[in-house]
Amino acid sequence: MAKVYDVPSDVLISRLASILKNEDIPAPSWTPFVKTGAHADKPPQDRDWWHTRCASLMRKIYLHGPLGINELRKIYGGGRPSGYGAAHHKDAGGAIIRNAIQGLEKLGYVEKVEKKGRVISKKGMQKLDRLSTEILNELIVVNPQLKIYS
């Protein structure tokens with residue numbers, strides 16, 4: 001069985017985002033209007049950015065968990081130019097990450113560990129591993145040399 005780190009992240013996140021779109025994880029009403037953080041100039045141009053962020057958070061927690069909200073804000077943040085000087089790091093928006101994680105917790109994909117942060121649940125791990133196996137099997141058809149990862 002393939003794991004999350006055996007498949008390309010962009011393929012996994014886009015496929016997982018389309019699956020989450022069909023499940024009961026609704027985007028908040030304010031998503032078309034907000035930026036993703038102080039480092040961003042404009043709101044995301046992709047209409048389905050909420051589900052993409054949820055899928056990305058799920059993958060990130062799978063790989064690096066347990067992670068807290070502030071750690072995730074640092075990961076998803078970016079540089080913001082400061083006048084003529086060099087760019088300084090700005091954290092991502094906390095409400096976006098918090099609401100996405102709460103939605104994933106309602107679905108049972110993420111669990112909270114006291115004083116440590118969030119970890120992926122058994123149900124979430126199974127979902128990601130099965131999806132990774134499907135993606136790897138599709139990639140093996142195109143490139144048979146990837147058979148060693150299955």
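What covers the buried residues of helix 4? Here are a few notes on that, bearing in mind that this is a predicted model.

1. The cover over the buried residues of helix 4 includes helix 1, helix 2, helix 3 and helix 5, together with strand 3 (110–113) and strand 4 (117–120). The buried residues themselves are Gly 94, Ile 96, Ile 97, Ala 100, Ile 101, Gly 103, Leu 104 and Leu 107.

2. Helix 4 has 14 residues, and its span of 20 Å from first C-alpha to last is close to the 20 Å expected at 1.5 Å a residue. Just after helix 4, have a look at Gly 108, which takes a positive phi of about 90°.

3. Now to the largest nonpolar core, which has 36 residues; Leu 20, Leu 72, Ile 97 and Ile 101 have the most contacts inside it.

4. Leaving aside residues up to four places away in sequence, Leu 72 touches Leu 57, Lys 60, Ile 61, Leu 67, Ile 97 and Ile 101.

5. Helix 4 also turns up at the largest pocket, where it supplies the largest share of the lining, 4 residues. The space in this pocket comes to about 150 Å³. Its lining is made up of Asp 24, Ile 25, Pro 26, Pro 28, Trp 50, Asn 99, Gln 102, Gly 103 and Lys 106; by class, that lining has 4 nonpolar, 3 polar and 2 charged residues.

Key
Residues numbered from 1 in each chain as written. Predicted model: local features only at pLDDT ≥ 70, side-chain atom pairs only at ≥ 80, totals over all residues. Heavy atoms only, no water. Core = buried A, V, L, I, M, F, W, Y, C linked by side-chain atoms within 4.5 Å. Buried < 20%, exposed > 50% of the residue type's maximum accessible area, 1.4 Å probe, protein only. Contact = heavy atoms within 4.5 Å. Helix = DSSP H or I, 4+ residues; strand = E, 2+ residues; numbered from the N terminus. Expected span 1.5 Å × (residues − 1). 1 Å grid on protein atoms, 1.4 Å probe; cavity = no way out; pocket = protein on both sides within 12 Å on 5 of 7 lines; lining within 4 Å. Points joined across faces, edges and corners; volume = space filled by probe spheres on them. Nonpolar A, V, L, I, M, F, W, Y, C, P; charged D, E, K, R; others polar.
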